[in-house]
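Some labels on this structure rest on cut-offs. The questions below ask what stands behind them.

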Amino acid sequence: GPSHAGDIRAMTRGNLSWRMAFPPQRQDMDNLIPPLIQWDGERAAKHIKDSGWRLTGLEAEHPDAAAVRSSLSARGLGDAVKVRQSPHPRLIAHLRGRDGREVTLTSA
């Protein structure tokens with residue numbers, strides 16, 4: 001149901017079950033605000049082989065940077081994502097592989 005975190009939905013797949021809180025309607029800032037997840041019991045990560053890649057930085061660009069910052073902070077993610085003003089919304093992920101290679105992925 002609705003909450004301050006958004007619309008909460010229960011989900012299952014196989015033996016895993018979790019709840020996700022999706023941002024309130026039209027408040028996802030062009031898909032830059034992630035849904036929150038709460039696992040019931042064991043987490044999926046236990047079953048996923050480690051790729052060796054690590055997230056070293058996450059950035060968001062948006063025309064209303066202040067609103068994105070505020071929305072991320074409200075979810076406890078204020079320090080996790082660097083936010084910049086930009087005409088086009090996008091997410092930028094910086095990754096480092098086991099061999100030290102660095103890769104940047106962008107959503108747009």
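Q: What makes the contact between glutamate 59 and arginine 84 a salt bridge?
A: The side chains of glutamate 59 and arginine 84 meet at 2.3 Å, N to O. A salt bridge is a side-chain nitrogen of Lys or Arg within 4 Å of a carboxyl oxygen of Asp or Glu, so the pair of glutamate 59 and arginine 84 qualifies. The pair links distant parts of the chain, with glutamate 59 in strand β5 and arginine 84 in strand β6, 25 residues apart. Strands (E, at least two residues) and helices (H or I, at least four) are DSSP runs, numbered from the N terminus.

Q: What kind of model is this, and which residues count?
A: The model is predicted: local features need pLDDT of at least 70, side-chain atom pairs count only at pLDDT 80 or more, and totals for chains, interfaces and linings use all residues. Residues are numbered from 1 along each chain as its sequence is written, and side-chain values use heavy atoms, with hydrogens and water left out.

Q: Why is glutamate 59 called buried, and what is arginine 84 called?
A: Glutamate 59 has a relative accessible area of 12%. Buried means under 20% relative accessible area, exposed over 50%, and partly exposed in between (1.4 Å probe, protein chains only). Glutamate 59 is therefore buried, while arginine 84, at 35%, counts as partly exposed.

Q: How do you know that arginine 90 and glutamate 61 form a salt bridge?
A: Their side chains meet at 2.8 Å, N to O, which is within the 4 Å limit. Arginine 90 lies in strand β7 (residues 90-96) and glutamate 61 in strand β5, 29 residues apart. At 26% relative accessibility arginine 90 counts as partly exposed, whereas glutamate 61, at 9%, counts as buried.

Q: What makes Glu59, Glu61, Arg84 and Arg90 one network?
A: Salt bridges that share partners join these four residues. Glutamate 61 also stands opposite arginine 84 in β6.

Q: Why are β6 and β8 said to stand at the edges?
A: The open sheet of 4 strands has the order β6-β5-β7-β8, with mixed pairing. Each of β6 and β8 (102-106) has a single partner strand, so one side of each is left without a neighbour in the sheet. The twist averages 20° from one strand to the next.

Q: How do you know that β5 and β6 pair?
A: Two strands pair if DSSP finds at least two bridges between them. β5 and β6 are joined by 4 bridges and run parallel, so they pair.

Q: What puts the buried residues of α1 on the same side?
A: The buried residues of α1 (residues 65-74) are Ala65, Val68, Ser71 and Leu72. They cover an arc of only 130° around the axis, which puts them on the same side of α1. The arc is that of the directions from the helix axis to the C-beta atoms. The face turned away from the buried side carries the exposed residues Ala66 and Ala74.

Terms used: Axes fitted to C-alpha atoms, helices over the stretch in contact; angles between N-to-C directions.
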